[in-house]
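Visitor: I'm new to this one. Could you show it to me and let me ask how you know what you say?

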Number of protein chains: 4
Amino acid sequence: MSASRYTYLGPEGTFTEAALRTLPEAATRELIPMISVPAALDAVRTGDAAAALVPIENSVEGGVTATLDELALGEPLMIYREVLLPIAFALLVRPGTGLEDIKTVTGHPVAQPQVRRWLAANLPDAVWESSASNADGARQVQEGKIDGAFAGEFAAATYGLNPLVTDIHDAENAATRFVLVGRPARPAAPTGADKTSTVIWLGDDHPGALMELLQEYAVRGVNLLRIESRPTGEGIGRYCFSVDCEGHISDRRVGEALMGLKRVCPNVRFLGSYPRAGIGAGDVSPARPGTSDDDFTSAADWLNRSLDGRG
Amino acid sequence: MSASRYTYLGPEGTFTEAALRTLPEAATRELIPMISVPAALDAVRTGDAAAALVPIENSVEGGVTATLDELALGEPLMIYREVLLPIAFALLVRPGTGLEDIKTVTGHPVAQPQVRRWLAANLPDAVWESSASNADGARQVQEGKIDGAFAGEFAAATYGLNPLVTDIHDAENAATRFVLVGRPARPAAPTGADKTSTVIWLGDDHPGALMELLQEYAVRGVNLLRIESRPTGEGIGRYCFSVDCEGHISDRRVGEALMGLKRVCPNVRFLGSYPRAGIGAGDVSPARPGTSDDDFTSAADWLNRSLDGRG
Amino acid sequence: MSASRYTYLGPEGTFTEAALRTLPEAATRELIPMISVPAALDAVRTGDAAAALVPIENSVEGGVTATLDELALGEPLMIYREVLLPIAFALLVRPGTGLEDIKTVTGHPVAQPQVRRWLAANLPDAVWESSASNADGARQVQEGKIDGAFAGEFAAATYGLNPLVTDIHDAENAATRFVLVGRPARPAAPTGADKTSTVIWLGDDHPGALMELLQEYAVRGVNLLRIESRPTGEGIGRYCFSVDCEGHISDRRVGEALMGLKRVCPNVRFLGSYPRAGIGAGDVSPARPGTSDDDFTSAADWLNRSLDGRG
Amino acid sequence: MSASRYTYLGPEGTFTEAALRTLPEAATRELIPMISVPAALDAVRTGDAAAALVPIENSVEGGVTATLDELALGEPLMIYREVLLPIAFALLVRPGTGLEDIKTVTGHPVAQPQVRRWLAANLPDAVWESSASNADGARQVQEGKIDGAFAGEFAAATYGLNPLVTDIHDAENAATRFVLVGRPARPAAPTGADKTSTVIWLGDDHPGALMELLQEYAVRGVNLLRIESRPTGEGIGRYCFSVDCEGHISDRRVGEALMGLKRVCPNVRFLGSYPRAGIGAGDVSPARPGTSDDDFTSAADWLNRSLDGRG
């Protein structure tokens with residue numbers, strides 16, 4: 001039965017599966033690896049699965065465009081949970097390679113600062129050559145062009161490599177963020193430490209349009225957590241924006257910001273309000289004065305009295 | 001009976017009386033001149049009069065501070081109507097003075113551009129000396145210090161002067177604005193060409209506070225018509241703002257801007273929504289796209305559907 | 001000789017003379033009272049006087065429009081100093097009136113909070129009736145319409161009244177601000193606690209024009225101290241703005257803000273940079289990071305290197 | 001000799017090579033395909049090549065992150081030219097497949113609207129299944145999982161497929177943008193239709209930081225053409241922004257905006273000013289009033305006169 005089934009971006013043994021297993025309900029679900037993000041999400045759309053866990057953002061390689069574009073342009077889905085998983089690199093080598101054999105290493109350019117201290121201490125003479133992605137770097141090692149690649153340990157098997165050293169991470173806070181996606185339904189109740197995701201299309205591309213978008217949030221005291229532009233497919237220079245903000249759609253300040261966006265933008269897609277991973281209600285910065293639900297209620301009462309001549 | 005009585009800033013024969021008589025209902029009211037703006041308004045507060053007509057703004061000398069401060073700081077009253085009266089200057093002289101005798105003329109500095117063309121054509125050699133107000137200029141003529149003063153024709157009697165020439169006005173659009181003030185009650189229905197008046201106190205005077213005030217209007221597409229700072233009486237550097245905007249408090253965009261101000265400012269006083277003088281509903285610039293009442297309703301519907309998982 | 005002569009808004013014995021005498025150089029100048037602000041300033045324009053001291057702002061009654069308009073519209077002058085004088089009220093009565101005879105008192109509406117505590121303690125039964133100005137209140141006492149007026153002690157002589165009680169002031173910080181005005185010349189050197197005054201005309205009155213004016217300051221981290229709208233004389237709805245900001249025209253952030261205003265506004269008049277009264281360099285809030293003169297120099301160096309391919 | 005050598009993202013026969021051959025100077029250079037964007041750029045850094053042509057943005061799949069991250073984080077390089085190439089899709093099938101055999105088709109989600117009309121007319125019954133990228137779709141056809149993939153015609157050879165139909169494009173304006181990158185040097189002279197590229201790091205992530213970045217451009221009337229967030233590698237929630245704006249670094253308004261950014265942001269990297277592809281000087285929207293070089297010069301002259309008392 002579909003309600004007992006969760007899909008995820010496979011294959012088995014990836015970071016995504018590890019992330020999914022951190023969810024309590026995963027223990028009682030059938031977890032099904034899929035070959036691609038669209039495949040994992042389509043299983044939810046057709047009802048074959050109740051939800052799908054897919055990566056959406058990586059603090060090293062950036063937004064996961066397949067996920068962003070499916071959520072923005074595909075048949076509507078909603079996000080119900082997010083999971084943060086720390087990133088640690090493994091140094092992948094061809095079988096038989098030892099540390100002393102390594103003259104050249106590779107990885108994505110933003111991975112370099114993550115492993116720089118480790119390199120200085122352990123392979124001070126190795127030459128760094130950037131690759132287009134960590135996976136691409138692993139491929140180059142497989143093809144014998146480079147001696148070692150920094151990538152996720154799980155990538156070793158895919159490329160027939162050995163994880164010579166594991167758990168390398170200069171920075172403490174490198175992480176990948178995953179989202180649990182389901183069919184549209186009522187969002188979960190607010191927890192006090194929530195996040196609201198949207199996709200917003202700008203209208204005629206007049207110069208100030210992006211600033212107007214940001215002001216709809218700012219004027220209500222709603223903080224942005226992430227903004228990412230994506231092409232709409234209508235030509236160079238046409239973008240939509242994937243935007244996460246603090247708060248829950250049922251918070252008055254968030255609801256009013258969303259209505260403001262809905263009024264002035266040609267399209268707004270609500271992608272869900274859900275608990276922020278790794279942050280409790282006690283850690284959230286206090287709402288700007290004048291933006292609590294009580295403030296909204298008082299102001300509405302005052303307006304009603306004013307309309308009545310009793311302001 | 002008080003409902004039949006309107007007070008106005010006297011004495012009889014001033015521009016204010018002329019403005020009051022442009023109102024149709026003036027024909028059926030007892031019109032009572034008062035010695036000051038506070039006196040005219042206090043008669044309304046005590047119930048001795050149903051309404052008072054007082055000047056609030058003059059395109060030559062500026063805001064009428066007695067009116068602004070009474071409306072901001074006194075016991076609450078509301079504006080129900082405004083009247084615009086064109087300004088024309090008279091050249092006031094001592095009895096017996098002819099045009100050929102005039103070597104020096106005076107008037108408020110902003111009056112000078114209004115009479116410059118007339119002076120060039122009729123008194124090309126007269127020397128202009130600015131006075132603190134048009135009335136002050138008339139006084140200087142009375143005292144024999146100056147030969148001629150540009151002021152309202154009605155000021156002639158007050159200072160024992162003759163209006164040697166009348167109806168002088170280089171600019172077509174010089175005017176005084178008056179407001180009809182009553183006790184707080186439900187505002188008149190919107191006409192499509194309305195104005196909403198408020199007094200707004202800023203909080204802690206952080207640098208951006210005024211800009212935040214303006215953004216509450218701007219983000220909802222509400223145009224400002226006038227903004228004037230007034231001291232709060234709490235010391236140099238402490239101001240409140242008298243602000244007029246386009247639209248009626250029952251327009252959704254205006255109501256939402258007012259609620260936004262109410263939330264973030266320590267105090268907001270609603271002074272009324274009333275028809276704009278001299279402009280019909282057909283002359284009002286169209287609302288910015290996305291700010292009509294229908295747009296607000298659609299956005300609220302969308303938010304409700306989204307809260308329900310049917311966005 | 002004119003360099004030895006300072007004019008001021010008379011008559012002798014006013015607050016203005018008291019303010020002028022707080023300036024060290026006043027001891028060596030001939031101080032000449034003038035009948036009006038324009039007269040005091042015209043003496044400077046013609047070279048009859050080296051400078052004039054005139055009131056520009058009062059924390060109770062607001063901006064002094066004669067001064068603001070002369071500086072904005074008259075032949076150009078510049079501000080070189082400012083003086084702050086605390087305000088205290090006297091209770092003015094007709095000769096022979098004692099405290100026990102006072103049934104009614106008057107004063108400008110914003111004066112009322114300044115004397116409320118004193119009234120409650122000393123004249124709990126007196127009825128307050130607002131007047132259009134403190135001087136107007138004194139006149140009403142002179143005419144026998146009211147028993148006592150709150151005004152400056154110096155006004156007593158003008159209206160033939162007695163100052164029955166003096167030095168009344170509930171608030172500690174009520175004050176009048178005066179400016180010392182001379183012919184345009186190089187501003188005094190910066191002191192670290194300076195103020196820069198301007199008059200700014202907005203162009204076509206599109207809705208966001210005032211916000212754009214404010215942004216020219218805000219984007220360079222320059223704090224506003226005062227903003228006041230004044231009619232331009234071209235009709236209701238046409239204003240210019242009298243704006244004071246923190247800092248000296250020779251501070252890079254202030255100079256760049258002024259150039260920005262000059263570019264986008266049809267007219268900007270620089271009225272001077274001068275030391276702030278009542279505040280030392282040590283009391284000024286620190287400049288926003290990135291807005292010091294050093295930051296401007298570093299950024300200009302970087303731009304030059306970038307233009308050269310060495311960014 | 002290196003000056004005669006240009007690298008590009010290979011292999012031979014890709015869109016990138018086609019784009020490079022549109023440059024007149026390509027005819028006299030040795031064109032060398034490289035296996036990756038980093039490899040192509042490193043050849044420039046080491047001096048092995050004078051320049052490299054790499055894709056930077058695709059109107060269907062978005063920013064080319066390898067290029068964006070190399071330019072943001074790698075050893076500094078500069079952009080000297082851009083090339084726009086229209087996108088057309090081919091329907092790739094396994095050898096032997098005819099139109100009548102196709103039951104399932106795939107492609108990147110944003111490719112779907114580009115081929116929808118063609119599908120409705122030619123394959124109305126085919127089922128669409130999104131893939132993570134167009135190349136990934138081709139791979140799935142190769143593996144026999146799907147019958148046809150929409151991708152660039154050049155991808156056919158890579159995956160052993162046939163381009164059954166070519167030149168499919170519903171939208172007229174789908175395109176890929178390439179940049180010609182060299183070692184840092186003086187930018188080319190302005191043409192009147194230029195673009196300036198930067199990478200900007202925001203400081204402490206206070207809520208309004210992105211809006212402040214945008215205001216540095218907006219207040220000088222500089223229009224944005226593209227903004228894209230990229231992770232800095234320092235953890236989820238830490239981004240830098242790749243920003244293109246209209247104009248040349250030697251335009252005063254652009255230079256001042258860049259200096260403003262340099263002052264308030266912890267890091268700004270200038271990536272070059274170069275002619276905009278596909279737009280002539282005559283097609284550029286006119287500069288906002290007050291933002292031309294002459295306006296900057298006049299304002300600077302005025303400031304200098306004001307500093308001298310001759311404003």
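Visitor: How far apart do the C-alpha centres of domain 2 and domain 3 of chain A lie?

Guide: In this predicted model, those two centres are 42 Å apart. Chain A is split into domain 1 (1–87 + 174–185), domain 2 (89–168) and domain 3 (186–311), with bounds that come from an automatic or database domain assignment.

Visitor: Which elements of chain D give two or more residues to the side that touches chain C?

Guide: First, the contact itself takes 30 residues from chain D and 30 residues from chain C. On the chain D side, the elements giving two or more residues are helix 7 (209–218), helix 8 (252–264) and helix 9 (293–307). Helix 9 of chain D gives the largest share, 8 residues. Sorted by class, that side of chain D has 14 nonpolar, 9 polar and 7 charged residues.

Visitor: How do you know that chain B and chain D do not touch?

Guide: A contact needs C-beta atoms within 7 Å, and no pair from these two chains makes one; their nearest C-alpha atoms are 12 Å apart. Chain A and chain C have no contact either, and their closest C-alpha atoms lie 12 Å apart.

Technical notes
Residues numbered from 1 in each chain as written. Chains lettered and ligands numbered in written order. Predicted model: local features only at pLDDT ≥ 70, side-chain atom pairs only at ≥ 80, totals over all residues. Helix = DSSP H or I, 4+ residues; strand = E, 2+ residues; numbered from the N terminus. Nonpolar A, V, L, I, M, F, W, Y, C, P; charged D, E, K, R; others polar.
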